[in-house]
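Dear colleague,

Please find below the structure I promised to pass on, followed by some notes on what turned up when I went through it.

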Amino acid sequence: MPAQPDYTLRSPDGHIQVVFSLDGHGSPFYSLEYKNKVILEPSRLGFLLEGDPPLNRGFFVTNLERRTFDETWEQPWGEARYIREHYNEMKLHLQEESILRRELIIVFRLFDDGLGFRYEFPKQPNLTDFRIADEQTSFDFAADHLAWWIPAYQEHRYEYLFQRSPVSSLAKVHTPLTLETADGLYLAIHEANLTDYAAMVLKGAGGSGLECELVPWHSDPEANVVRIRAATPHRTPWRTLQIAERPGDLITSYLILNLNEPNVLGDVSWVRSCKYIGIWWGMHLGIYSWGSGPSHGATTANAKRYIDFAADYGIEGVLVEGWNIGWDEGFLNSKDAFDFTTSYPDFDLEEVARYAKEKGVRLIGHHETGGDVLNYERQMAEAFTLYESLGVDTVKTGYASTLIDGVEWHHGQRMVRHHQEVVELAAQRKIMLDVHEPVKDTGLRRTYPNLMTREGVRGMEWNAWGPDGGNPPEHTTVIPFTRMLCGPLDYTPGLFDLTFQGKNPKNRERTTLAKQLALMVVLYSPLQMAADMPENYRGHPAFQFIVDVPTDWEETLVLNGEIGEYITIVRKDRHSDDWYLGSITDENARILEIELSFLDPAVQYVAEIYADSFDADWENNPHGYEIRQELVDSASTLELVLAPGGGQAIRLRPAIQSWFLQDVGALEASAPGG
Ligand code: NOJ
């Protein structure tokens, strides 16, 4: 009897195992075990095509290729400098037995931290131009795990508070989807390298499994519509399942980046991370307007004031929103209103760009489309060229609207193609991007390092006008384990006036001030905004932490954390020997013991500690904080006392022994602007 073919793949450490199989109808399935425990029961693979027979049965395996890859690559910027890409791969070539003899390739890659698999459609006579009605990939979990989720196909895109409930209760949800198992594993389903395809939404069917649903071209997900338009050769994004024994290990898993192609832009020394402030929060509070009028925020004089502040404190960037014509029409889905190259009369773009350059500050440009993407596409080449000609090397784009051009979801193939075009246009002009209302991050920053960060989260701005009053204290202890798994997030932390008087009296920020500082470390963004207005920062002793904290990291470690409760992250500066720690809690006060064993054992450090005061709490005393210094080393343990809704931020810098006595206590005296 011939030996049964072995379609088993193991991760390099042997802990994860995937088995591919064909059932009696020649339909493809895969299953997965972690440390001999079944995680995925045999789960379906395949496609329904529009106008062609399905590509999901009648297959046999024509060829099987295996390989191992182990290289370490360097990120030009990021949350860690070196990333090890170590996987075992199994590539199955399938062909139909039927008369059509169509071919499909399925590639599995197993890393020590999880699985990636993708489909390839090779060039072939009976599959040329084709349309995918849906992808039938499923994730049939062996048990009904708890999921942290946000709903798909909703008005506010990804901008929702995460909810927690069993997989069996889910309807349609976005990825990354983070799961907790009863026996203490943490899983995340997402996708990598979303290129010329539609984003994957996960659909529940009442059981413990989830199915892939591709976001359709047309806005009605129930209609029998086309989801992908393709021609062979083509391939799907990688479907990913990350596996961790501690929730924090999902954060330091670089599997999504590892499943993207290396940098295609060549020399990217022009791509630089930075902190920025902006003419921005004032608009959300109603102090300024985006459009013209007596309270217009983006005036030449105001922009210069922001630039002066940035120059005084060494903040590298200044964003200016509301400088160009179009805001007065009401920007949500306003047709052809935005003009991306014409300023309001009280804003002199050339002069502001010149002034920023003179002061050594990066002016960050802004393209808000209001979802009127056809209008933007007509103008965007010229709009980027204008910024390039003025030395504006960073642009925040925005797509605030429920639907694009009134008909398309933000995450279908139409918009994936659009963003691809924008990133290439920007790269040709050496421009970096911060995308708001984006397609979720799938790691494309590895291939296009100018695609630096995205919003795609219920961010700080919701505290100004969210109808529910703003984000609860728990929110920022959830998003590092959920939204942040896909990539950097432009959450815009760093508020100092936490009880601001905005347009909506019941709105406020629900953290302490020390937690705002900690968020600058916890929430990773290579373009990191300090969101408040200069008048709330100038002369404030705690602003020193924002001045000091870097945005480009050598290494990131998650020291502790529970989803929706607390988290402590330390990151090492890429350009000095300093470490920075951010620790945050939900609405509960807590004390966390932190061992500093990550520090260089040969060095003593000064810990500059920005802590909640003993009587601080988010509700009644959010501004209570204290700054103190301690001498520590790698054998030290720190006790972090976090107030309700509080946090702690620490800079750890090498102490030079003879200077130590001067160092201690000197911090307040050296506070900026004092
Ligand atoms: C929504 C973005 O998230 C926000 O940052 C921006 O200010 C507004 N759109 C207007 O562009």
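The buried residues of helix 6 pack against helix 5 (349-358), strand 24 (362-368), strand 25 (394-398), helix 7 (413-428) and strand 26 (432-435), where helices (H or I, at least four residues) and strands (E, at least two) are DSSP runs numbered from the N terminus. Contact means heavy atoms within 4.5 Å, and buried means under 20% relative accessible area, with exposed over 50% and partly exposed in between (1.4 Å probe, protein chains only). Among these buried residues are Val 373, Tyr 376, Gln 379, Met 380 and Phe 384.

Please bear in mind that this is a predicted model, in which local features need pLDDT of at least 70 and side-chain atom pairs count only at pLDDT 80 or more, while totals for chains, interfaces and linings use all residues. Residues are numbered from 1 along each chain as its sequence is written, and side-chain values use heavy atoms, with hydrogens and water left out.

Helix 6 has a kink of about 55° centred on Gln 379, the bend at a residue being the angle between axes fitted to the seven residues ending there and the seven starting there. After helix 6 comes Gly 391, which has a positive phi, near 80°.

Elsewhere, Pro 473 sits in the loop between helix 8 (462-465) and helix 9 (475-478), and it counts as buried because its relative accessibility is 7%. Leaving aside residues up to four places away in sequence, Pro 473 touches Arg 510, Lys 515, Thr 585, Asp 586, Glu 587, Trp 618 and Gly 645.
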